[in-house]
Structure formats: C-alpha cells, structure tokens
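Here is a short briefing on side-chain contacts, for reading next to the model. Please keep the sequence and the 3D view open as you go.

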Amino acid sequence: MARYQLTLAYDGTDFFGSQRQANKRTVQGELEKALCKLGWAGDSVLMSGRTDTGVHATRQVSAFDLDWSHSGEELVRALNAVLPADMAVHEARTAHPSFHPRFDASFRRYRYRLFCQPLRHPIRERFAWRVSPAIKGNSLAETARLFLGTHDFSAYGSPTTPGGGTVRTVMKAEWSQAEQDEWHFEVQANAFLYRMVRRLVFVQVAVAQGKVPTAAVARSLAEQVSSGKRNELPAGLAPAHGLTLVEVAYA
C-alpha cells in the first residue's frame, strides 16, 4: 500500500464541479469509480481544491492510498483506459504517506480566457468568455496590479470553510493578449477564496468597459474598509467556462 499523487486534466463542461456530490457527475466521483475498477477500497480521494461547475483543469492534483504493484506509468495507462473521455491522468507517482494535495500546496495558478466579439462564437465560447463591448487592455493591466500582495479579498469571494479567513497573498496577476481580440488573465496565490478568480475577472472587465472606476477596486482592498466601500463594486461573476486551473505547486 502506498500513497499516490495524480495530476489530472479535465474539460469541466459536463461536470458539476470537482467535489463529489450525491447523484451528480463530478471529477472526484469519476476518478473514484475508475480507481475502484483497479481494486481501490478507500472512502474518498483527496483533492488539491474544489473547482466550480463548468471550470476546467490542466493540472488538478489528487492523492489516495492504493495497493499497486506496477509502475506509475502503468497506473496512468490503467486509469486512462477506464476514465471518461473528458478527463485524463497525465502523471502518477508515489508520495510521502502524509502528503495532502490541498494543505501541502505552496501556491495555485489559474488562467481565465476571454475574447471580445459582438456575435456569439459557439466553438470559442466553450473555453472562453465572449465580452462585448470591447475592453481596454491598459485598463486591465492597471487594475490587475492592485491585487498583488497580501489583502483582505472579502469583496471578491467567500471563505472555503465556515468562519474561515479572507486574507490571501497574490504573487501574480497579469493580462496578456493572445490574439487581436483575445485576452488571458494569469493569477497565482497561496490560496483562493470560493469563486475569487471569477469575481476578480468580472470586476476587471467592468473597469475596462468604463462601468466602474479603478479607484473603487483600490478602496475594496484597503485595510479596515467598510462594507459600503466594498459594495461600490458591481455584482456578478465571470462565467465558469472561461476558467482553468493550470498549476498546483509544492515546495
């Protein structure tokens, strides 16, 4: 019996998120069903974090204990042979018996994709948010810089546990132009609040469309800011289908 660390990729379109739920198709549930076919007898696999319904991943991390007498490469092949087509294992290796993919992570990185077009594009919209009217790239960059460092992000998400804290440290928050009409937001932090990335993107787009001033974002991050100042920001979230978990790193 050994603890294994898996790296997973999945198209989140047809999943009700990553966390197991009764009577709903989830990433954790499909992984556990696949493992049972290989003789796994555990109660629950461990995940590096929860992704919302519709959110994708290229490097989600999971861990579990398994009596497996073959190599990690053979475990990858065996799992991929029984997993559904919209998810796959890319790597499997043994880990320390106490390894926990969530609590041992040093940072996580997400990418959000959007493109600016007035008319819908069914293919692109599977993995990116179509935004109209168009946004201003210099405004995106200016707003993103405000998120760097350690702040109370309570205006941008809710705690992942009841009564949990809302202070997080963001190490990277950058926009890049992938195509003439497409933008990518890369954000890396020690941890994220529930729905924090989608909220960050929504607010930045609102600023870039001239719907809210950059100063309102700065005020929302200020220490001991009143709830009224946080409520200056428009309500809403960027759609889940534009978001991808791209890295979970360990020291």
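Phe 64 is buried, at a relative accessible area of 2%; buried means under 20% relative accessible area, exposed over 50% and partly exposed in between, with a 1.4 Å probe and protein chains only. Please note that this is a predicted model, in which local features need pLDDT of at least 70 and side-chain atom pairs count only at pLDDT 80 or more, while totals for chains, interfaces and linings use all residues. Residues are numbered from 1 along each chain as its sequence is written, and side-chain values use heavy atoms, with hydrogens and water left out.

**Aromatic pairs**

- There are 9 aromatic pairs in the structure. Rings of Phe, Tyr and Trp (its six-membered ring) pair if their centres lie within 6.5 Å; planes under 30 degrees apart count as stacked, over 60 as edge-to-face and the rest as tilted.
- Tyr 4 and Phe 64 make a stacked pair, with 6.3 Å from centre to centre and 20° between the planes. Because Tyr 4 belongs to strand β1 (residues 2–10) and Phe 64 to strand β3 (residues 56–66), their pair ties together parts 60 residues apart in sequence. Helices (H or I, at least four residues) and strands (E, at least two) are DSSP runs, numbered from the N terminus.
- Tyr 4 is buried, with a relative accessible area of 5%.
- Phe 99 counts as buried at 9% relative accessibility, whereas Tyr 250 counts as partly exposed at 23%.
- Phe 147, Phe 153 and Tyr 156 are linked into a cluster by ring pairs.

**Charges over rings**

- Arg 25 lies over the face of Phe 15, 4.1 Å from the ring centre. A charge sits over a ring if NZ of Lys or CZ of Arg is within 6 Å of the ring centre and within 35 degrees of the ring normal.
- Arg 50 has its charged end over the ring of Tyr 194, at 4.4 Å from the centre of that ring.

**Salt bridges**

- The structure has 18 salt bridges, each a side-chain nitrogen of Lys or Arg within 4 Å of a carboxyl oxygen of Asp or Glu.
- Glu 30 and Lys 33 form a salt bridge through their side chains, with 3.2 Å from N to O. Both residues lie in helix α1 (residues 27–36), 3 residues apart, which is about one turn of the helix.
- Glu 30 counts as buried at 14% relative accessibility, while Lys 33 counts as partly exposed at 49%.
- Arg 113 and Glu 182 also meet in a salt bridge, at 3.2 Å from N to O. Since Arg 113 lies in strand β5 and Glu 182 in strand β9 (residues 182–189), this pair ties together parts that are 69 residues apart in sequence.
- Arg 113 counts as partly exposed at 28% relative accessibility, but Glu 182 is buried, with a relative accessible area of 3%.
- Arg 124 and Glu 182 meet in a salt bridge too, at 3.0 Å from N to O. Here the distant parts are 58 residues apart, with Arg 124 in the loop between β5 and β6 (129–131) and Glu 182 in strand β9.

**A position in a loop**

- Ala 41 is in the loop between α1 and β2, and at 75% relative accessibility Ala 41 counts as exposed.
- Ala 41 and Ala 155 are 114 residues apart along the chain, and 42 Å separates their C-alpha atoms.
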